[in-house]
Structures are given as structure tokens and as C-alpha cells.
Amino acid sequence: MLHGIPKVISPELLKVLMEMGHSDEIVLADGNFPAASHAARLIRCDGHRVPELLDAILQLFPLDQYVDKPVCLMQIVPGDTAKTPIWEEYGRIIAGRTGLQTPFEEVERFAFYERARKAYAIVATSESALYANLILKKGVIAEEQV
């Protein structure tokens, strides 16, 4: 264990977050997402929900400050009546950690899958909320922040 590292961040996840460079993307996948078949690097975080991981990651990980929308959500399939209250939870976490009020880009389902295939890593969670998948684009840490 280390000081300052949230307990939900496994050694494997910490290593991946540190390896990632500017504009690399990481997927936080809900329990229904086909993570194993889409991942170049798969990190298992079974037993954890996306909001707790998002909050922990944003304590360590800067979002890309050079794009308008550094967080990507899977768009609700047209005709689907699913509700997405978890998106509001994500918004509160992101605003609290970064100050961003409108960080989300919504991407069509199959385009989201393609983008996930190209991501640096996919984190598989036990999240049961529908449409709870996120893609985070990594930013840079300025010299004065180190």
C-alpha cells in the first residue's frame, strides 16, 4: 500500500495510468460491456462500480485540456427507453475533481465499440447501470503541477 493512492486503484491499474501518455484513452466499462473481446489491455476491477473508480482515477489522472469533451459516453440506442441517472453522478464527480461542467461527448454504440478497441486499456467493472461506459482522454501535467 502507498500513501495517497485510493484503495480501489490496483497495482495493475496504477501502472497503466502511469504508462499512458497525452491523448491516450482508457475505458471504464460496465458489466455488460464486451471488455475481454475488445481490449488490447484488460484490467479486471470486479466488485467495483464505475463511479468509485472514476473518482479515484481523477485524483491521479488529468483529463485532456486541449479538447472540448475529454469524456465519452455511449449514446442511448434510438428507441431504447433506458434511463441514465448514472451520467449525472459522473458529471458531479468530474465537476468536483476537474471543474468541468460539460465534459461529455456522446458516441453512437458501434462507434463507441470501435473507439474502445483502440483505447490504451479497458477496465472491466461490476457496474450494473445501463449505458454506464466511459472513455477518458488523458491530459498533461504541467511542470508546475509536479
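**Phe33.** I began with its contacts, meaning heavy atoms within 4.5 Å. Leaving out residues up to four places away in sequence, I found Phe33 touching His38, Met74, Phe112, Tyr113, Ala116, Ile122 and Asn133.

**Ground rules.** I am working from a predicted model, where local features need pLDDT of at least 70 and side-chain atom pairs pLDDT 80 or more, while totals for chains, interfaces and linings use all residues. Residues are numbered from 1 along each chain as its sequence is written, and side-chain values use heavy atoms, with hydrogens and water left out.

**Core.** Next I looked for nonpolar cores, that is, sets of buried Ala, Val, Leu, Ile, Met, Phe, Trp, Tyr and Cys residues joined through side-chain atoms within 4.5 Å. For burial I used relative accessible area: buried is under 20%, exposed over 50%, partly exposed in between (1.4 Å probe, protein chains only). The largest core has 48 residues, and Phe33 is among those with the most contacts inside it, as are Leu13, Ile26, Leu54, Tyr90 and Leu136.

**Helix H3.** My helices (H or I, at least four residues) and strands (E, at least two) are DSSP runs, numbered from the N terminus. Why is H3 largely enclosed by the rest of the structure? Six of the eight residues in this helix, 50–57, are buried. I listed them as Val50, Pro51, Leu53, Leu54, Ala56 and Ile57. They pack against several elements, including helices H1 (11–19) and H4 (85–98).

**Cysteines.** I counted zero disulfides, taking a disulfide as a pair of cysteine sulfur atoms within 2.5 Å. The sulfur of Cys45 is 19 Å from the closest cysteine sulfur, in Cys72, so the two are too far apart for a bond. Cys45 is buried at 4% relative accessible area, and Cys72 is buried at 0%.

**Salt bridges.** I counted eight, each a side-chain nitrogen of Lys or Arg within 4 Å of a carboxyl oxygen of Asp or Glu. In the one between Glu127 and Arg49, the closest N and O atoms are 3.1 Å apart. That pair links distant parts of the chain, 78 residues apart: Glu127 sits in the loop between S5 and S6, Arg49 in the loop between S2 and H3. I noted Glu127 as buried at 2% and Arg49 as partly exposed at 38%.

Asp55 bridges to Arg97 at 2.8 Å between the closest N and O atoms, joining H3 to H4 across 42 residues. Last, I saw Glu25, Glu105, Arg115 and Lys137 linked in a network of salt bridges.
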